[in-house]
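Student: I would like to go through this structure with you. Could we put it on the screen and begin with the contacts between its parts?

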Amino acid sequence: MSVAFTKEESAETASETLLPDRPISPHPNLVTEAGRKALEHEFQAAREAFEAAQQLDDVNERRRQSAVPLRDVRYLTERLRTAQVVPDPASTETVAFGSTVTFSRADGRVQTYRIVGEDEADPKAGSISFVSPVARSLMGKAVGDLAGAGDQELEIVAIA
């Protein structure tokens, strides 16, 4: 329905309430158990925010306040539906999904990351997505192996 036939204050208000969907990755939706729980928590928070917005009396403000939570509920519903929980690796012999890997770079920096699903990845908090170039180059390697990440060479120091 056109904005002309609604009680919106303006086309700008309408555009604030019709947000595009969050993109869904084409990769398998692998998650750790903690990642699945985090998705469930995010989903619950988005539902609560949407329900709270529905209590507002002003229709325009209700639509504005509902837009983001509604978009997030749609995204998180799909991510929870397709989530494939991967158990922690049984071995620390080689890098696998869920491994915590410490590696050194040619410039002397030593970094540690846990390889996790896309939705739970947070490099600042020490986790990277399994589809990231660094993680892909490390997968299947053992301590002492070298891996290439772009123009950098990484040496695996430890796997936990």
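Student: How many residue pairs are in polar contact across the interface of domain 1 and domain 2?

Tutor: There are five such residue pairs across that interface, with both residues at pLDDT 80 or more. Please keep in mind that this is a predicted model.

Student: What area is buried between domain 1 and domain 2?

Tutor: About 810 Å² is buried between them, and carbon and sulfur atoms give 54% of this area. On the side of domain 1, His 27, Leu 30 and Thr 32 supply 54% of the area buried against domain 2, more than any other three residues. In terms of contacts, twelve residues of domain 1 meet nine residues of domain 2.

Student: And how many salt bridges are counted between domain 1 and domain 2?

Tutor: The count is one salt bridge. Arg 79 and Asp 119 form a salt bridge through their side chains, with an N to O distance of 2.6 Å.

Student: Let us turn to Ser 25. Where is its place?

Tutor: Ser 25 sits in the loop between helix H1 (11-17) and E1. With neighbours within four places in sequence left aside, Ser 25 is in contact with Arg 79 and Glu 118.

Student: What does the side chain of Ser 25 make a polar contact with?

Tutor: One partner is the side chain of Glu 118, at 2.7 Å. The Ser 25 side chain also reaches the backbone nitrogen of His 27, at 3.1 Å.

Student: Changing topic, which residues have the most contacts inside the largest nonpolar core?

Tutor: They are Val 95, Val 101, Phe 103, Ile 115, Val 134 and Leu 138, in a core of 18 residues. At least two residues of this core come from each of strand E3 (100-105), strand E4 (110-116), helix H4 (133-138), strand E6 (146-149) and strand E7 (152-159). Apart from this core lies another, of nine residues, including Ala 46, Val 73, Leu 76 and Leu 80.

Student: What is Phe 103 in contact with, leaving aside its neighbours within four places in sequence?

Tutor: Its contacts include Val 110, Tyr 113, Val 134, Leu 138, Leu 154 and Ile 156. Arg 109, Gln 111 and Glu 155 are also among the residues in contact with Phe 103.

Terms used:
Residues numbered from 1 in each chain as written. Predicted model: local features only at pLDDT ≥ 70, side-chain atom pairs only at ≥ 80, totals over all residues. Heavy atoms only, no water. Core = buried A, V, L, I, M, F, W, Y, C linked by side-chain atoms within 4.5 Å. Buried < 20%, exposed > 50% of the residue type's maximum accessible area, 1.4 Å probe, protein only. Helix = DSSP H or I, 4+ residues; strand = E, 2+ residues; numbered from the N terminus. Contact = heavy atoms within 4.5 Å. Buried area = accessible area lost by both parts, 1.4 Å probe. Salt bridge = Lys/Arg side-chain N within 4 Å of Asp/Glu carboxyl O. Polar contact = N/O pair within 3.5 Å; in protein donor to acceptor, adjacent residues only side chain to side chain.
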